[in-house]
Amino acid sequence: MSNHFLSLLLATFISAGLLSACETQSNNKNDIWEKEKTFAADTLLSEDGTFGNDSEGILRVGFIGGSLTDGQSYYSEEGYVYGGNVWTDAVCQYLTKQFPNRQVIAHNSGIASSTSAFGAMRIEHTIYDYDPDIVFIEFTVNDRLNDFDKELSQKYMESMVRMAQRKEKIPVLIFLYTPFPVDNNTEEYSDWKQGVEWKQEIADYYGIGSINVYDYLHIEYEKTDYPTFMNFLESESSYKGNAANGFNVHGGYEYYAAAILKAISERPSDLFGHQKIKRE
């Protein structure tokens with residue numbers, strides 16, 4: 001059975017609501033919206049839009065995506081690394097410093113090679129059931145590699161957003177656009193960028209923050225003498241992914257972390273503000 005056929009089948013199930021948990025025994029589909037909603041963003045930001053609302057308790061951070069989120073099947077010169085210093089760890093370390101009175105707990109649902117189709121299928125029970133405060137969603141590279149068109153890409157991303165909005169506490173969602181390791185004058189980059197634009201339409205519609213890691217890293221790459229963008233990604237990374245068939249996006253974890261933390265520190269109100277509730 002082809003990945004494309006599976007994607008179409010999943011799209012049908014998701015659009016019908018068959019993959020989300022049953023929230024109520026009532027036949028009134030509007031009951032879920034009549035419950036009082038709270039926003040995780042209210043526990044993160046001060047009135048001026050900066051970090052500083054440091055109440056006691058637990059800060060749960062969810063991560064879902066492909067191998068760049070998984071980060072557990074790649075190796076350093078010392079051998080295989082499982083859960084090493086990938087960008088997810090850097091984010092948690094940063095948040096621990098910002099919220100010293102809260103215990104930061106991570107829930108990582110990254111699975112290598114998975115697309116947003118399978119992310120939409122598992123996010124309810126691997127992320128949302130833990131009542132997260134912040135959720136990073138990363139599927140840009142794998143959706144591109146599986147030739148997702150606009151309809152499929154947007155359907156899966158939106159389904160993950162809609163599932164979050166059904167919760168009594170609505171988490172902060174952040175779309176993460178991880179880089180395809182090619183230079184920006186190539187056809188492969190154009191295909192990747194189009195996929196990003198499709199996802200960004202969903203982000204804009206719901207008022208969701210996003211981080212384009214490629215844009216940040218390419219600025220840094222242009223300051224160097226490395227011949228290709230991939231060479232730059234791998235240049236100073238202790239994580240060297242398996243470059244089978246000449247393809248490697250897994251170098252540069254430290255660079256990914258730097259880009260993400262830069263975005264978080266520079267514009268917390270854009271990334272952690274309220275998303276728009278869409279009931280239709």
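Q: Why is Val-213 called buried?
A: In this predicted model, Val-213 has a relative accessible area of 1%. Buried means under 20%, so Val-213 is buried.

Q: Where does Val-213 sit, and which residues does Val-213 touch?
A: Val-213 belongs to helix H9, residues 213-221. Not counting residues up to four places away in sequence, Val-213 touches Leu-176, Tyr-177, Thr-178, Pro-179, Tyr-256, Ala-259 and Ile-260. Phe-180 is 33 residues from Val-213 in sequence, with a C-alpha to C-alpha distance of 9.8 Å.

Q: Why is Asn-212 called partly exposed?
A: The relative accessibility of Asn-212 is 21%. Buried requires a value under 20% and exposed a value over 50%, so Asn-212 counts as partly exposed. Asn-212 is in strand E9, residues 209-212.

Q: What makes the approach of the Asn-212 side chain to the backbone nitrogen of Asp-215 a polar contact?
A: The distance is 3.2 Å. The cut-off for a pair of N or O atoms is within 3.5 Å, and therefore the pair falls inside the limit. A polar atom of the Asn-212 side chain also lies 3.1 Å from the backbone nitrogen of Tyr-214.

Q: Which residues does Asn-212 contact, leaving aside its neighbours within four places in sequence?
A: Asn-212 is in contact with Tyr-177, Trp-192 and Val-196. The C-alpha atoms of Asn-212 and Thr-178 are 6.7 Å apart, and these two residues are 34 places apart in sequence.

Q: How do you know that the length of helix H7 agrees with its number of residues?
A: Helix H7 runs over residues 150-165 and has 16 residues. At 1.5 Å a residue the helix should span 22 Å, and its end C-alpha atoms are 22 Å apart, so the two values agree.

Q: Which residues of H7 are buried?
A: The buried residues include Leu-152, Tyr-156, Met-160, Val-161 and Ala-164. Ser-153, Gln-154 and Gln-165 are also among them.

Q: What is found at the start of H7?
A: A side-chain oxygen of Asp-149 reaches to within 3.3 Å of the backbone nitrogen of Glu-151.

Q: Why is Asp-147 called exposed?
A: Asp-147 has 62% relative accessibility. Exposed means over 50%, so Asp-147 counts as exposed. Asp-147 is in the loop between helix H6 (140-145) and H7. Although Asp-147 is not a glycine, its phi is positive, at about 55°.

Q: Why is Ser-113 called exposed?
A: The relative accessible area of Ser-113 is 58%. The cut-off is over 50%, so Ser-113 is exposed. Ser-113 lies in the loop between strand E5 (102-110) and helix H5 (116-126). Its phi is positive too, at about 75°, although Ser-113 is not a glycine.

Q: How many cavities of 30 Å³ or more does a search of the whole structure find?
A: The search finds one. About 30 Å³ of space lies in the largest cavity.

Q: Which elements each supply at least two residues of the lining of the largest cavity?
A: Strand E8 (172-177) and helix H12 (268-272) do. The lining includes Val-172, Leu-173, Asp-270 and Leu-271. Gly-207, Ile-208 and His-274 are also among the lining residues.

Q: What makes up the lining of the largest cavity by class?
A: The lining has four nonpolar, five polar and one charged residues.

Methods
Residues numbered from 1 in each chain as written. Predicted model: local features only at pLDDT ≥ 70, side-chain atom pairs only at ≥ 80, totals over all residues. Heavy atoms only, no water. Helix = DSSP H or I, 4+ residues; strand = E, 2+ residues; numbered from the N terminus. Expected span 1.5 Å × (residues − 1). Buried < 20%, exposed > 50% of the residue type's maximum accessible area, 1.4 Å probe, protein only. Polar contact = N/O pair within 3.5 Å; in protein donor to acceptor, adjacent residues only side chain to side chain. Contact = heavy atoms within 4.5 Å. 1 Å grid on protein atoms, 1.4 Å probe; cavity = no way out; pocket = protein on both sides within 12 Å on 5 of 7 lines; lining within 4 Å. Points joined across faces, edges and corners; volume = space filled by probe spheres on them. Nonpolar A, V, L, I, M, F, W, Y, C, P; charged D, E, K, R; others polar.
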